[in-house]
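Subject: Model for your files

Hello,

Here is the structure you were waiting for. My notes follow below it.

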Number of protein chains: 2
Amino acid sequence: MVKERVTVIDIARAAGVSKSTVSLVLQGSSLVNEATRAKVNAAIRDLGYVYNRGAANLRQAKSKIIGIVVNDLTNSFFAELAVGVDAVVQSAGFVQFLANTGEKIERQREVVASMREHGVSGLIVSPARGTEATDLAPLVESGIPVVLVVRDIAGAEVSSLTSDNHAGAMAAVRHLIERGHQRIAFLGGFPDTAVFEARMRGYRDALIEAGLPVSEALIIGSAPSRAGGVTAVEQAMMLADRPTAALCFNDAVAFGVCDGLRARRLEPGADFAVIGFDDVIEAKTAVPALTTVSVDPQGMGQRAAELLLKQIKAGKAEPEAIVGSVRLVVRQSCGAAVERKREVLA
Amino acid sequence: MVKERVTVIDIARAAGVSKSTVSLVLQGSSLVNEATRAKVNAAIRDLGYVYNRGAANLRQAKSKIIGIVVNDLTNSFFAELAVGVDAVVQSAGFVQFLANTGEKIERQREVVASMREHGVSGLIVSPARGTEATDLAPLVESGIPVVLVVRDIAGAEVSSLTSDNHAGAMAAVRHLIERGHQRIAFLGGFPDTAVFEARMRGYRDALIEAGLPVSEALIIGSAPSRAGGVTAVEQAMMLADRPTAALCFNDAVAFGVCDGLRARRLEPGADFAVIGFDDVIEAKTAVPALTTVSVDPQGMGQRAAELLLKQIKAGKAEPEAIVGSVRLVVRQSCGAAVERKREVLA
DNA sequence: TGACGAAATTGGAACGTTCCAATTATGAAA
DNA sequence: TTTCATAATTGGAACGTTCCAATTTCGTCA
């Protein structure tokens with residue numbers, strides 16, 4: 001049942017040439033005569049030969065595999081990121097190892113080690129919370145190109161691709177201020193991450209710029225998920241002096257915030273302005289359509305993959321830190337759209 | 001900068017043993033003396049050795065890689081499926097190639113070929129629309145275990161793991177009927193898929209069982225996405241004799257349907273009953289919480305991975321077709337919960 | 001002390017490819 | 001015809017591991 005593996009030697013025999021010639025054909029060398037090439041290709045088809053990349057790698061020490069490790073594939077931001085990476089990586093003839101760490105640093109260590117053993121020629125990592133530069137050291141020492149996405153790590157000598165979180169947050173808050181909001185909350189996210197830090201600073205700076213007070217009570221962390229958004233907005237609405245708008249840590253939180261508002265009979269967009277961050281695919285089709293700071297996760301994945309492939313090709317490239325620009329896309333959830341009845345306002 | 005690769009020979013030299021012994025300790029053989037093992041392990045640490053799985057595979061023709069191909073990672077159903085697979089595969093010491101076909105059959109052909117070349121020892125595939133048994137033939141001939149998930153393919157001699165779509169749809173529609181609905185729509189999904197077919201038949205059968213008429217006008221296909229849900233419900237609401245409830249092809253469609261209802265100032269759950277299919281993670285936290293037929297995508301991924309690993313271990317297993325049971329989880333979107341004011345009803 | 005079985009270790013071939021250096025075939029110029 | 005450059009082809013070593021059969025070491029018992 002399980003048939004013998006057919007190798008390059010078998011086709012050499014079938015085509016009446018040497019294995020070296022077959023190898024040449026396989027890699028599309030121009031050295032081989034047209035007629036021979038045809039014979040060899042015919043034999044390949046007839047015998048149902050499948051190329052053994054493992055054996056090839058062994059000889060050339062150059063695999064066509066890249067690894068990508070994300071914290072939470074369940075979050076569409078990362079799913080889209082992975083799709084973006086996959087797209088460019090596939091069309092470059094590479095294939096991707098995808099691993100999910102669930103934000104667990106131990107898991108991350110394991111999968112990175114496993115990927116090294118499999119000989120990936122590059123790695124795209126969205127580091128788990130708490131990852132340190134030393135965790136990446138063995139990787140960079142061994143000369144494997146690494147591109148950090150989403151979160152940068154201080155002191156790590158690898159390339160990174162982040163987004164201008166500070167500017168994005170500022171733009172969002174400015175927009176809310178222009179619309180007349182004075183009490184604006186910052187909801188969701190883990191406070192001990194660099195991304196939180198940057199977005200929150202953008203939020204503060206915009207308030208300060210406008211001469212508005214910054215109240216610590218209005219900065220409410222939570223898990224960066226839909227559920228986290230629900231709890232964060234609940235907490236915000238228990239405040240004596242309630243906010244009328246919120247910038248959320250990310251879109252997932254923003255959707256949760258909308259859910260939480262509805263649970264209190266408040267209509268997001270009409271009774272309370274909500275702005276998200278990331279511009280996940282559903283942001284556009286949600287009701288109300290989510291105003292959000294577009295990070296373009298899929299595009300980010302693509303750029304990360306391109307950067308990585310470039311470094312792989314170059315052998316050893318200098319690490320570069322790219323911070324992608326970001327833009328506010330105004331939709332309905334910040335109150336831009338239709339006027340709504342307000343009688344429900346508690 | 002790029003350091004020389006250190007191999008088992010280097011360790012052998014450093015530890016003063018032969019490469020065979022090193023190989024033995026690498027695979028945890030009980031044949032080697034405790035003291036030697038310690039020496040070897042020390043050398044491994046000191047020299048920073050990394051195991052070369054490629055070389056090992058070459059010799060043993062048994063990789064620790066499985067492939068998983070999905071149609072749309074952007075859909076959380078598939079993302080969760082992948083996470084489920086990843087979890088069990090990782091803890092079995094395997095690593096997964098993940099590829100996204102975007103429902104394109106050509107892409108699927110490419111990635112499957114590429115995975116074969118990389119020597120995956122098994123494949124989990126959620127086949128793109130239009131995949132035929134013959135597409136999988138070379139794979140099964142070569143003895144690589146394949147597990148089909150979500151969609152089965154007639155005539156393909158491989159295992160499959162689907163869910164009892166017919167029963168799930170019937171349960172959902174029965175529930176709507178019990179609540180007094182008479183005009184119930186079936187919204188979303190591509191009509192030319194087996195999954196659509198099964199769910200739709202369940203829908204029909206439940207209506208027939210209750211002696212209700214089946215109207216073709218109430219069966220409205222669309223892309224199985226949020227956007228598709230919006231358009232499907234729009235179409236449904238233009239009917240002269242509007243439905244008062246809908247069973248949706250999947251949760252994504254159901255969310256879209258909710259969006260579409262809101263756009264018409266109807267409150268899902270209160271003014272119109274909506275039931276989804278899949279029980280994606282957000283179903284629970286959405287507002288209103290989505291009543292849905294739970295397929296447990298993550299669990300499904302786990303079971304698929306377990307089945308595949310079993311077959312890999314067994315060498316060659318008889319194909320088995322598992323259809324997972326499914327249960328209706330009643331939440332708010334079908335009108336189960338709080339009574340709401342109805343004045344908005346157009 | 002010798003013999004013997006068990007425990008531990010070992011050298012070399014093999015896995016399927018690529019690459020190098022070397023060889024042979026081809027055709028044009030002399 | 002001979003000569004030479006060029007085009008095609010080739011055998012064999014190498015990549016880093018595992019596995020087999022063979023060998024060495026050891027402890028125990030007669």
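B:Arg183 has a relative accessible area of 24% and is therefore partly exposed (buried is under 20%, exposed over 50%, partly exposed in between; 1.4 Å probe, protein chains only). Its side chain meets that of B:Asp241 in a salt bridge, 3.3 Å from N to O (a side-chain nitrogen of Lys or Arg within 4 Å of a carboxyl oxygen of Asp or Glu). B:Arg183 sits in the loop between helix H8 (165-178) and strand S6 (184-187) of chain B, and B:Asp241 in the loop between helix H10 (226-237) and strand S8 (245-248), so the pair ties together parts 58 residues apart in sequence. Helices (H or I, at least four residues) and strands (E, at least two) are DSSP runs, numbered from the N terminus. B:Asp241 is partly exposed too, at 46%.

This is a predicted model: local features need pLDDT of at least 70, side-chain atom pairs count only at pLDDT 80 or more, and totals for chains, interfaces and linings use all residues. Residues are numbered from 1 along each chain as its sequence is written, chains are lettered from A and ligands numbered from 1 in the order in which they are written, and side-chain values use heavy atoms, leaving out hydrogens and water.

Two other pairs in chain B:

- B:Arg199 forms a salt bridge with B:Asp278, with the closest N and O atoms 3.6 Å apart. B:Arg199 is in helix H9 (residues 194-209) and B:Asp278 in strand S9 (residues 273-278), 79 residues apart. B:Arg199 is buried at 5%, and B:Asp278 is buried at 5%.
- B:Arg109 pairs with B:Glu106 at 2.9 Å. Both lie in helix H6 (residues 105-117), three residues apart, about one turn of the helix.

Over all chains the count is 30 salt bridges.

Regards
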